[in-house]
Amino acid sequence: MRIETETLEQVVTEVLATMTGVVAFPVSDVRASTARRSVAACIHLTGAYTGAVVITMPEELGRRIAASMFAADPGALSDGEVMDAVGEIANMVAGSVRSALPMPNTISLPSVSEGTGLRMDVPGSVAVATTSFVVDGDVFDVVLSARAGEV
């Protein structure tokens, strides 16, 4: 089974709106810049469908999303809280995507990284749905991948 980009867009916008009240708009032909500090979270799916969900966003956007989740001032949050929030968003997106995939399958705990020039790859997989979103001028990317032989 294959998840279409439109389904991934719907899942991401619903998760962000529900979890944080943040409104994200899908955009085409635009990708998030990794030239500035970013946060990336990855959730692996294993079972009847093997792949991953990867979300990469500017650290400032991750901080604003975390502030919405925790009802806190963005400047008062630790880097760990920002990483936790982005990891939880990835977890919720992966959980929603998982429900549309063949069963049985499980999702991993999030792996979260931060840095400048950040890139997160899942070896042995290919992107099956890639989309970008804009929130208050900041762009972030979401990629759903599958094991290379399963597409």
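At what angle do the axes of helix α1 and helix α2 cross? I looked that up first. The axes of α1 (residues 5–20) and α2 (residues 59–70) cross at roughly 50° and come within 8 Å. For the axes I used lines fitted to C-alpha atoms over the stretch in contact, with angles from 0 to 180 degrees between N-to-C directions. The pair is therefore oblique, the class left after under 35 degrees (roughly parallel), over 145 (roughly antiparallel) and 65 to 115 (roughly perpendicular).

Next I went for the residues that touch. Leu16, Met19 and Thr20 on the α1 side meet Ile65, Ser68 and Met69 of α2, with contact meaning heavy atoms within 4.5 Å. I get four nonpolar, two polar and no charged residues there.

A note on the source: this is a predicted model, where local features need pLDDT of at least 70 and side-chain atom pairs pLDDT 80 or more, while totals for chains, interfaces and linings use all residues. Numbering starts from 1 along each chain as its sequence is written, and side-chain values use heavy atoms, leaving out hydrogens and water.

Then the layout. I find three helices and seven strands, as DSSP runs (helices H or I, at least four residues; strands E, at least two). From the N terminus the order reads α-β-β-β-α-α-β-β-β-β.

Last, the whole chain. The C-alpha atoms fill a box of roughly 45 × 30 × 25 Å along the principal axes. I have 42% of the 151 residues down as buried, that is, under 20% relative accessible area with a 1.4 Å probe, protein chains only.

How values were computed:
Ala, Val, Leu, Ile, Met, Phe, Trp, Tyr, Cys and Pro count as nonpolar, Asp, Glu, Lys and Arg as charged, and the others, Gly among them, as polar. Buried means under 20% relative accessible area, exposed over 50%, partly exposed in between (1.4 Å probe, protein chains only).
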